[in-house]
Amino acid sequence: MSAVPRRVVLVLVVALATIAGSSGCSSDRSRGRDAARSAVETLLAGSRTEGDEIADIAESVEERARAAGIVMIGVEHRESEGGYGSPIGSITLGLTVAEVVEDPSWWGDDETRDPGPYCFEVTFHRRGVLKTKGVGCPDGGLVAVPAPPSRLPRIAPNAHEAVWSVLESMPDRVPSQDQVVADVTARLEPHANGVTPLAEVTVAIADGVVAVATGDGDDCVLVERGPDGVVRDVYVPPVYLKRGELGCYADTAFADLRPPH
């Protein structure tokens, strides 16, 4: 029997290597990791992924992860460098997947895969996901961590009551803007976590009207006291409270607040 030509041997080696590589990509573990990554991407698609800091995003992810059987095992805050796309932090998620995926077809060819656990670190910028990468899971299992407290100013728990109290008890002779700010600030309750600072209080006075605001685009208190002493809440269409618009400031009360459409 004649020897196999060297060229044929090389072709066979390359073909076998290609097959081996392909089967490695479709291994039980790879199928499990693909399923886990898909579950994480689905979770992120239904969660809030925009914010000025990672705490904003972690609150939404934590709530949805619990319902989806995914564990938020880490949250890292980063100081943004300010540019678009600059990271504000990361969230690490972990999960296990079903070991057997039942085939609903009549021949019933069930699929097996490594259940994991699998872990992924998701890095965010202010407008969404920057990147997602697989990471090693911690020893000892997947242990959930809570969303961290905000490091950015948030509205005081009793902000609405404090502003109304000051405006309702205001004397006929209107105090200075600084005095009204001081009076309102003195009545604000600090956040219980000891980390989150209070949102700034702003005051604007014009033609006998005193307006007081505190908060941000997501949670804004804006109240005014008219020349007749009547106090009322000022409704601002949400679009005007967003970044780059009027914002949650006292002088917003004097703007044209008719809905844009």
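## Reading a predicted model

Tutor: Start with burial: I155 is buried, with a relative accessible area of 13%, because the limit for calling a residue buried is under 20%. Keep in mind that this is a predicted model.

Student: Where is I155 found in the chain?

Tutor: I155 is found in the loop between β6 (128–135) and α4.

Student: Which residues does I155 touch, leaving out residues up to four places away in sequence?

Tutor: I155 touches H191, A199, T214, G215, D219 and V221. I155 and L198 are 43 residues apart in sequence, and their C-alpha atoms are 5.8 Å apart in space.

Student: How many helices and strands are there in the chain?

Tutor: The chain has five helices and 10 strands. Of its 261 residues, 33% are buried. Among contacts with a separation of 6 or more, 56% are between residues 24 or more positions apart.

Student: How should I read a nonpolar core?

Tutor: The general idea comes before the case. In soluble globular proteins, nonpolar side chains tend to be buried together. Here the largest nonpolar core has 21 residues, and V61, I91, L93 and F124 have the most contacts inside it.

Student: Which elements each supply at least two residues of this core?

Tutor: They are α2 (28–45), α3 (54–68), β2 (89–95) and β5. The most comes from α3, which gives five residues.

Student: What does L93 touch, not counting residues up to four places away in sequence?

Tutor: The list for L93 includes V40, L43, V61, I70, V71 and M72. Also on the list for L93 are I73, Y118, C119, F120 and V122. There is also a second, separate core of 18 residues, which includes A159, V201, V203 and V221. V221 is also a residue that I155 touches.

Student: Is G94 buried or exposed?

Tutor: G94 is buried, at 0% relative accessibility. G94 is found in strand β2. Beyond its neighbours within four places in sequence, G94 is in contact with I70, V71, Y118, C119 and L142. G94 and A144 are 50 residues apart in sequence, with 9.1 Å between their C-alpha atoms.

Student: In which strand is T123 found?

Tutor: T123 is found in strand β5. T123 counts as buried, at 2% relative accessibility. Not counting residues up to four places away in sequence, T123 touches R78, P87, G89, S90, G128, V129, L130 and K131.

Student: How do I read the packing of two helices?

Tutor: Look at the angle, the distance between the axes and the residues that meet. Helix α4 (residues 159–168) and helix α5 (residues 177–187) pack at an angle of about 135°, and their axes are 9 Å apart. That makes α4 oblique to α5. The crossing of the two helices α4 and α5 is right-handed.

Student: Which residues of α4 and α5 meet?

Tutor: From α4 they are A162, V163, S165 and V166, and from α5 they are V180, D183, V184 and R187. By class, this contact of α4 with α5 has five nonpolar, one polar and two charged residues.

Student: What should I look for in the backbone?

Tutor: Check peptide bonds and phi angles. The peptide bond from G116 to P117 is cis, with omega near 15°. P117 lies in the loop between β4 (111–112) and β5 (118–125). As for phi, D207 has a positive value of about 55° although D207 is not a glycine.

Student: Is D207 buried or exposed?

Tutor: D207 is exposed, with a relative accessible area of 77%. The place of D207 is the loop between β7 (201–206) and β8 (209–215).

Student: How does V230 count by relative accessibility?

Tutor: At 48%, V230 counts as partly exposed, since the exposed class needs over 50%. V230 lies in the loop between β9 (220–225) and β10 (231–233). Apart from neighbours within four places in sequence, V230 is in contact with E224 and R225. V230 and L167 are 63 residues apart in sequence and 8.9 Å apart in space, C-alpha to C-alpha.

Notes. Residues numbered from 1 in each chain as written. Predicted model: local features only at pLDDT ≥ 70, side-chain atom pairs only at ≥ 80, totals over all residues. Heavy atoms only, no water. Helix = DSSP H or I, 4+ residues; strand = E, 2+ residues; numbered from the N terminus. Buried < 20%, exposed > 50% of the residue type's maximum accessible area, 1.4 Å probe, protein only. Core = buried A, V, L, I, M, F, W, Y, C linked by side-chain atoms within 4.5 Å. Contact = heavy atoms within 4.5 Å. Axes fitted to C-alpha atoms, helices over the stretch in contact; angles between N-to-C directions. Parallel < 35°, antiparallel > 145°, perpendicular 65-115°, else oblique. Left-handed = near helix turned anticlockwise from the far one by under 90°. Nonpolar A, V, L, I, M, F, W, Y, C, P; charged D, E, K, R; others polar.
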